[in-house]
Amino acid sequence: MTISRLVVRLNCLSLFLVMLLIILTQISGLKVSDLFLPPYFSPRPNVALLTRTFQILCSVPVIVCTFTYGLAKTILPRHSENRFILFSALLTGGFLLNEIYRIHIYMIALGIPKLGVSLLYAVVLSSYGWFFRRELKLTPYPILLAGLGLLFFAIGVDSLHLKNKLFSSLLEGVPKLFSEINIAFYYWYVCQGLLQKAFYQTIDS
């Protein structure tokens with residue numbers, strides 16, 4: 001199975017599960033918008049369910065990249081792609097910390113304009129893409145770009161402050177969720193390929 005078919009199947013299955021969850025929530029008489037609320041304790045299982053799922057998905061690239069870096073460095077300590085995996089772990093780890101602790105909100109509260117915070121994150125992301133452009137070209141990077149595109153779309157919807165709560169939640173929450181599904185899959189695929197190549201090189205040598 002080609003990677004493009006695998007990505008399409010993954011996204012179709014995820015979309016089916018999300019739509020099923022939305023329908024079941026609606027049938028149960030619960031609010032669909034509650035699925036995307038910030039996490040807090042509630043006796044209702046649907047509250048912040050997809051937000052928590054998004055946060056769990058955010059941890060996948062960090063864990064996978066960190067594990068891959070540690071193992072690949074042991075097998076092939078001078079491998080050129082080790083640094084790429086290390087900085088990928090740091091970048092996705094920073095995003096995970098921001099998502100859990102809402103660091104950008106504290107930065108705004110300290111007087112840093114929201115546009116300035118967005119530009120800061122954009123500079124970090126652009127620097128990552130520039131320094132590792134060669135490594136990225138050897139990977140199925142369109143998957144990563146699609147995930148980032150969905151994430152920026154969700155951020156754009158959030159900045160519009162739409163009045164319709166249900167429409168706003170779906171238009172922001174669903175693309176955000178699928179952005180991390182694709183980003184997590186991308187790093188899982190890349191790290192799997194790197195470890196396979198490292199093992200084969202070790203065996204051949």
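Which side chain meets Arg-102 in a salt bridge? Select Arg-102 and Glu-99: their side chains meet in a salt bridge, 3.4 Å from N to O. Keep in mind that this is a predicted model. We will come back to this pair after a look at the whole chain.

**Stop 1: the whole chain**

Show the chain as a cartoon. From the N terminus on, the elements run α-α-α-α-α-α-α-α. Now turn the model around. Along its principal axes, the C-alpha trace spans about 60 × 45 × 30 Å.

Of the 205 residues, 39% count as buried.

Next, think about contacts. Take those with a separation of 6 or more: residues 24 or more positions apart account for 65% of them. Then color by charge. The chain has 17 positive and 8 negative charges, and their mean positions are 2 Å apart.

**Stop 2: helix α1**

Select residues 3-27. This is helix α1, with 25 residues. From its first C-alpha to its last, α1 reaches 36 Å, close to the 36 Å expected at 1.5 Å a residue.

Which residues of α1 are buried? Select Val-7, Asn-11, Ser-14, Val-18, Ile-22 and Thr-25. Look down the helix axis as you do this. An α-helix has 3.6 residues a turn, so residues three or four places apart point the same way.

Step past the end of the helix. Gly-29 follows α1, and its phi is positive, near 80°.

**Stop 3: Ala-48**

Select Ala-48, in the loop between α1 and α2. Most residues other than glycine have a negative phi. Ala-48 has a positive phi, near 60°. Is Ala-48 buried or exposed? Ala-48 is buried, because its relative accessible area is 0%, under the 20% cut-off.

**Stop 4: the salt bridges**

The structure holds three salt bridges. Side chains of opposite charge can pair when their charged atoms come close.

Return to Glu-99 and Arg-102. Glu-99 counts as buried at 5% relative accessibility. Arg-102 is partly exposed, with a relative accessible area of 31%.

Keep the three residues on screen: Glu-99, Arg-102 and Lys-176 are linked in a network of salt bridges.

Move on to Lys-197 and Glu-81. Their side chains meet in a salt bridge, 2.6 Å from N to O. Why does this pair link parts that are 116 residues apart in sequence? Lys-197 lies in helix α8 (residues 165-204), whereas Glu-81 lies in the loop between α2 (49-75) and α3 (82-101), so the pair ties those parts together. Check the surface at each end. Lys-197 counts as partly exposed at 33% relative accessibility. Glu-81 counts as buried at 16%.

**Stop 5: Leu-138**

Select Leu-138, in the loop between α6 (133-137) and α7. Leu-138 is exposed, with a relative accessible area of 71%. Leu-138 and Val-190 are 52 residues apart along the chain, and their C-alpha atoms are separated by 9.5 Å.

**Stop 6: helix α7 and beyond**

Select residues 141-160 to show helix α7. The 20 residues of α7 should span 28 Å at 1.5 Å a residue. The end C-alpha atoms of α7 are 29 Å apart, which agrees.

Color the buried residues of α7: Ile-143, Leu-144, Gly-147, Leu-148, Leu-151, Ala-154 and Val-157.

What is the phi of the residue just after α7? Select His-161, which takes a positive phi of about 55°. His-161 is a residue other than glycine. His-161 lies in the loop between α7 and α8. At 62% relative accessibility, His-161 counts as exposed.

Technical notes: Residues numbered from 1 in each chain as written. Predicted model: local features only at pLDDT ≥ 70, side-chain atom pairs only at ≥ 80, totals over all residues. Heavy atoms only, no water. Helix = DSSP H or I, 4+ residues; strand = E, 2+ residues; numbered from the N terminus. Expected span 1.5 Å × (residues − 1). Buried < 20%, exposed > 50% of the residue type's maximum accessible area, 1.4 Å probe, protein only. Contact = heavy atoms within 4.5 Å. Lys, Arg positive; Asp, Glu negative; His and termini not counted. Charge placed at Lys NZ, Arg CZ, Asp CG, Glu CD. Salt bridge = Lys/Arg side-chain N within 4 Å of Asp/Glu carboxyl O.
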